[in-house]
Amino acid sequence: MSCHFGILPADLLQAISRQLESHPPDEGANGAPNGLRLLRLPHPRTGIPSLFVPHETPETSVVLEVQSISPPNRRSWFTEEEVAEDGKLLVMTPVDPAFLLIRLLQCTLPADGTPGNFRPADDIIEEAAAKVASSAVEGGQTVTSDDILHLSTLRCIPLAMRRVCEFKEITPDITVFRYSPDRTLECLRAKVSRLSHESISELSRTLNRNLAKDGLLEDGKEELLAAARIRGACDLLSQYLPRNVFERLLSTYDFASLDAHMKALKEESMALAAVNMNAVEAKESKEQKSTGTDKKRKAKGSHGVEQLKKANTKGMAKLSTFFQKK
């Protein structure tokens, strides 16, 4: 069985450990240990088939995204007396299932632009699975309808559908849904509001450094700072949104003042770079002139030599004549 190093939530690690202790470490059809199913689903942003791991316990129901971090050069892992030849690092992180549903449910929107009809969640997911499975994908990889249908069996999916769909409860046991771009937008704006809050955004050192570099942490720039934090939150969500959804989300915010500030900073930086470039060119030109003058001075001989150069040599025998055979 191939060996990989990975980072994953503690509860999933414990669940896998319990499975390995109670069952032989055989691999299933998808290359994962029996009991751990890997789903190949369209990535929320690109639509390219990507790996996800569903994980459910009596208390939780989550979907984990599997990412592979490959070193630029060939490397291996060493652990005690063993060597793992594959130096990749697998990272499994929870992802909001609403992001997965947005791309899937967009396939079910009527072509004529109407909202469509309310239907049970199973019917909507089946239609999405059929359309995604039949569409062409890159690299020869495919998304099977079985993986999408298995996703719909998770307990977290109906809750996520309520955040991106309009729904009606017909009976306590029957709820019908209809994908709603407007409701999806409300859900995303709520995420932006939470991520752009000062207590959350300050946790990112990279974001804080960029804000300080752009002069947005100075007094009197509170409005620009708030806009920059909102832009940062939108950029973070863009990693899991189709392009059209992300553009619509951006259009609901006013970044005119922030864009003007960033443009002024860019122009100032370009002007400063031009001044520095002119100073460097002037210094190099001065050094070249100084070097040329020094060469001329070094080439000039003494006063006596210069006088001999001016002497009239007409009628004089050349020095070479004294060395000719007589």
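Which residues does Ser196 touch, not counting residues up to four places away in sequence? They are Ser201, Arg229, Ile230 and Ala233. The model is a predicted one. Its chain holds 12 helices and 10 strands. Of the 326 residues in the chain, 29% are buried. Take the contacts between residues at least 6 apart in sequence: 58% of them join residues at least 24 apart.

- Ser196 sits in the loop between α6 and α7, the latter spanning 198-201.
- Ser196 counts as buried because its relative accessibility is 14%, and the cut-off for buried is under 20%.
- The side chain of Ser196 reaches back to the backbone oxygen of Val192, at 2.7 Å.
- Val192 belongs to α6, and is among the residues of that helix that meet α10.

**Helices α6 and α10**

- Helix α6 covers residues 181-195, and helix α10 covers residues 243-251.
- Their axes come within 10 Å and cross at roughly 65 degrees.
- α6 and α10 are therefore roughly perpendicular to each other, as angles of 65 to 115 degrees count as such.
- The crossing of these two helices, α6 and α10, is right-handed.
- On the α6 side, the contact involves Pro181, Asp182, Leu185, Leu188, Arg189 and Val192.
- On the α10 side, it involves Val245, Arg248 and Leu249.

**Helices α3 and α4**

- Helix α4 is made of residues 145-152, while α3 runs over residues 121-134.
- α3 and α4 pack at an angle of about 155 degrees, and their axes are 8 Å apart.
- The two helices α3 and α4 are therefore roughly antiparallel, since angles over 145 degrees fall in that class.
- α3 passes α4 in a right-handed crossing.
- From α3, the contact is made by Ile125, Glu126, Ala129, Val132 and Ala133.
- From α4, Ser145, Ile148, Leu149 and Ser152 take part.

**Lys131 in α3**

- Lys131 lies in helix α3.
- Its relative accessible area is 37%, so Lys131 is partly exposed.
- The side chain of Lys131 makes a polar contact of 3.0 Å with the side chain of Glu127.
- The side chain of Lys131 also reaches the backbone oxygen of Cys107, at 2.9 Å.
- Beyond its neighbours within four places in sequence, Lys131 is in contact with Cys107 and Thr108.
- Lys131 and Thr108 are 23 residues apart in sequence, yet their C-alpha atoms are 8.4 Å apart.

**Helix α2**

- Helix α2 takes in residues 97-106.
- How much of α2 is buried? The count is 8 of the 10 residues, so the helix is largely enclosed by the rest of the structure.
- The buried residues of α2 are Pro97, Ala98, Phe99, Leu100, Leu101, Ile102, Leu104 and Leu105.
- At the start of α2, a side-chain oxygen of Asp96 comes to within 3.0 Å of the backbone nitrogen of Ala98.

**The sheet of β8, β10 and β9**

- These 3 strands form an open sheet in the order β8-β10-β9, with antiparallel pairing.
- The edge strands are β8 (119-120) and β9 (165-171), and each pairs on one side only.
- β9 pairs with β10 (residues 174-179) over 6 bridges, in the antiparallel sense.
- Cys165 has Tyr179 of β10 as its bridge partner.
- Helix α5 (residues 156-164) lies across β9 and β10, and runs at about 120 degrees to β9.

- Strand β2 (residues 39-42) and strand β3 (residues 49-56) run antiparallel, joined by 4 bridges.
- Arg40 stands opposite Leu51, a residue of β3.
- The hairpin has 6 residues between the strands.
- Gly47 in this hairpin takes a positive phi near 80 degrees.

Terms used. Residues are numbered from 1 along each chain as its sequence is written. This is a predicted model: local features need pLDDT of at least 70, side-chain atom pairs count only at pLDDT 80 or more; totals for chains, interfaces and linings use all residues. Side-chain values use heavy atoms; hydrogens and water are left out. Two strands pair if DSSP finds at least two bridges between them. Contact means heavy atoms within 4.5 Å. Axes are lines fitted to C-alpha atoms, for helices over the stretch in contact, and angles run from 0 to 180 degrees between N-to-C directions. Buried means under 20% relative accessible area, exposed over 50%, partly exposed in between (1.4 Å probe, protein chains only). A polar contact is a pair of N or O atoms within 3.5 Å; within protein, one must be able to donate a hydrogen and the other to accept it, and residues adjacent in sequence count only if both atoms are side-chain atoms. Angles under 35 degrees count as roughly parallel, over 145 as roughly antiparallel, 65 to 115 as roughly perpendicular and the rest as oblique. A crossing is left-handed if the near helix is turned anticlockwise from the far one by less than a right angle, and right-handed if clockwise.
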